[in-house]
2 protein chains.
Amino acid sequence: MRDNNDMPGHLARRFQQIAVAVFLAEVGDAGFDLTPVQYAALATIKANPGLDQVTLAGLIAYDRTTITGVIDRLVQKGLAERRASSRDRRARELEITDEGKRTLRKITPAVDSAQRIMLRGLSAKEGEELMRLLHKTIAAGNELSRAPLRDMQA
Amino acid sequence: MRDNNDMPGHLARRFQQIAVAVFLAEVGDAGFDLTPVQYAALATIKANPGLDQVTLAGLIAYDRTTITGVIDRLVQKGLAERRASSRDRRARELEITDEGKRTLRKITPAVDSAQRIMLRGLSAKEGEELMRLLHKTIAAGNELSRAPLRDMQA
DNA sequence: GGATATTGCTCAGTATGCTGACTATCAGTA
DNA sequence: TACTGATAGTCAGCATACTGAGCAATATCC
């Protein structure tokens, strides 16, 4: 029988497990309490002010039922705001707060450091190749998860 | 600012997300109700009859607090058994049931198929290279997560 | 042999991630 | 305009993962 550790799915889980641990350690050491998921959401809100929750979810490939809780926590921490949209009364427009911007700015070195640490076993060239292969695999499988990556609609 | 989609951590999360979705779809289509985590645990119990929970957790890099619930569900489904150890009264010895063995045997084609599908964007050579790079990265980061991979002790 | 440290397991609490269902609202059409 | 379908968001429920704490039992050291 094939060893679990030779299965792509198992390696995927393990890589993600280490990536999250490294992120939390680096960000925690820097004095911040933000998860990888919360960071990605906050950075994307900053880059696209006023976007709604479904669009945000699509940009970072989160499930729409997951994003609700993530935003709840960002709002609760005072890093983001949720407002009713004037154009569509079903939608909520998301904004980053000044506190959120400050946090993002100060947290960036720790986030970058985490990305380096999680690839520390590879040479620079190998790291790029890993990124390329992951991109390619993910692009081919994008529609296979309930929460695929989506572009901005205009 | 760097795009989320260019960060190793984000690619790790996305690859894992797709891997799980593909696994559940293939296994579900084959008529089984087993998660990737439950499958890995069950296969490892079969390969190492009588092992205790901490050893099992080490072999597949699960946290010891996570493995409790996973085994609960395997036992509840009648696929595994948990017995008190005679040598160490703290420990529980794990065994696979006949039903568990039958399930593993019949589920294998779906599991293999899932591993192929999640790499379908890559050539055979690229797939092998991805596996090699993931192995290398994971080995270098093994001790960075709370639940590192461990060998069998003797 | 007795104090101390370690280990195996469990539990409470929190954060993703998913399925499936539901409400409110919007968009398109007959 | 009334009907139909799609969409934005939420909720309940379940399964990983983790932190930190605690209990029981074993190992170690003086």
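**Close-ups of a predicted protein–DNA model**

**View 1. Who sits around DNA strand C.** There are 27 residues around DNA strand C, with Arg73(A), Arg146(A), Val54(B), Arg90(B) and Arg92(B) the closest; a residue counts as near when one of its heavy atoms lies within 4 Å of the strand. Keep in mind that this is a predicted model, where local features need pLDDT of at least 70, side-chain atom pairs count only at pLDDT 80 or more, and totals for chains, interfaces and linings use all residues. Residues are numbered from 1 along each chain as its sequence is written, chains are lettered from A and ligands numbered from 1 in the order in which they are written, and side-chain values use heavy atoms, leaving out hydrogens and water.

**View 2. The protein surface near DNA strand C.** By class, this surface has 13 charged, nine polar and five nonpolar residues (nonpolar: Ala, Val, Leu, Ile, Met, Phe, Trp, Tyr, Cys and Pro; charged: Asp, Glu, Lys and Arg; polar: the others, Gly among them). H4(A) gives the most, with five. Helices here are DSSP runs of H or I, at least four residues, numbered from the N terminus.

**View 3. Polar atoms meeting DNA strand C.** On the phosphate side, a polar side-chain atom of Gln53(B) lies 2.8 Å from a phosphate oxygen, and a side-chain N or O atom of Arg82(B) is 3.5 Å from a phosphate oxygen. Over at the bases, a side-chain N or O atom of Thr65(A) is 3.5 Å from a base oxygen.

**View 4. Where chain B meets chain A.** Here 58 residues of chain B are in contact with 58 residues of chain A (heavy atoms within 4.5 Å). The two chains bury about 5,300 Å² between them, 66% of it on carbon and sulfur atoms; that is the accessible area (1.4 Å probe) lost on putting the parts together, summed over both.

**View 5. A salt bridge across the interface.** The rule finds four salt bridges between chain B and chain A, each a side-chain nitrogen of Lys or Arg within 4 Å of a carboxyl oxygen of Asp or Glu. One of them pairs Lys136(A) with Glu126(B), the closest N and O atoms being 3.0 Å apart. On the side of chain B that touches chain A, H1(B) gives the most, with 14 residues.

Key. Helix = DSSP H or I, 4+ residues; strand = E, 2+ residues; numbered from the N terminus. Polar contact = N/O pair within 3.5 Å; in protein donor to acceptor, adjacent residues only side chain to side chain.
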